[in-house]
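Hello,

Here is the structure I promised to pass on to you. Have a look at it first, and my notes follow below.

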Amino acid sequence: MNYRLIMAAVAGALISSLTHAQGVGKGDSAKAQQVVSQVCAACHGDDGNSAIPANPSLAGQHPEYTLKQLKNFKPQDGKPAQRGNAVMAGMVANISADDMSGLAVYFAGQKPKPRAARDPELVKLGQAIYRGGILGKNVAACASCHSPNGAGMPAQFPRLAGQHAEYTAAQLKAFRSGERANDPNRMMRGVAIKLSDREISAVAEFIAGLR
């Protein structure tokens, strides 16, 4: 039985079931730059390359994914925000849907700066999980959805390559605990709940060095 082929088939089925793709217009680039300078740059950098490990880099991220996250931080139609974060809730409170689209397009057009992994031992374990999953825990390979080089799949799965290990690990733990629950079909929660702290750290470390 070819485990990788089975996991790829499962991932394909899950991809087809996702419905969270967001329509992204062109946006106003000049206004987007102004919003970035005034609101986003302190945490994410003027060009979307965050210098703070706790904050994600947004440069090169698929605009559909960035737009979805921005919308999820903001209450919609009288319903609470799908993704809880006090800081981001304050940031998006006065940002319109059009401006969110503009920001998503702006960050997608920025060039990501490569990073390097720091712990060779963790990288070895992380590579094994990212590329092959964990058979004994029924964990599919991360590459099935986020691609072998971490580029992700537009409108479906986010780009991960070069993301801060600290941020990636924090999000996996948030999915594991249920603190973050804006993943379609509970996909990430279903994966993260099966991972130990060390496995999460290993995957995050490997992702940081992907290019």
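How many of the 12 residues of α10 are buried? Nine of them are, so this helix is mostly covered, taking buried as under 20% relative accessible area. Please keep in mind that this is a predicted model.

The buried residues of α10 include E199, I200, A202 and V203, and the run from A204 through E205, F206 and I207 to A208 is buried as well. They pack against α6 and against α8, which covers 165-177. From its first C-alpha to its last, α10 reaches 17 Å, close to the 16 Å expected at 1.5 Å a residue.

Now for the aromatics. Searching the whole structure turns up two aromatic pairs. In one of them, Y106 and F107 have ring centres 5.4 Å apart and planes at 75°, so the pair is edge-to-face. Both Y106 and F107 are buried.

The other brings us back to α10. The ring centres of Y130 and F206 are 5.4 Å apart with the planes at 55°, so this pair counts as tilted. It links distant parts of the chain: Y130 sits in helix α6 (residues 120-132) and F206 in helix α10 (residues 197-208), 76 residues apart. Both Y130 and F206 are buried.

T66 has a relative accessible area of 7%, so it is buried. Leaving aside residues up to four places away in sequence, T66 touches Q61 and A104.

Happy browsing, and do write back with any questions!

Best wishes

Terms used: Residues numbered from 1 in each chain as written. Predicted model: local features only at pLDDT ≥ 70, side-chain atom pairs only at ≥ 80, totals over all residues. Heavy atoms only, no water. Buried < 20%, exposed > 50% of the residue type's maximum accessible area, 1.4 Å probe, protein only. Contact = heavy atoms within 4.5 Å. Phe/Tyr/Trp six-rings, centres within 6.5 Å; stacked < 30°, edge-to-face > 60°. Helix = DSSP H or I, 4+ residues; strand = E, 2+ residues; numbered from the N terminus. Expected span 1.5 Å × (residues − 1).
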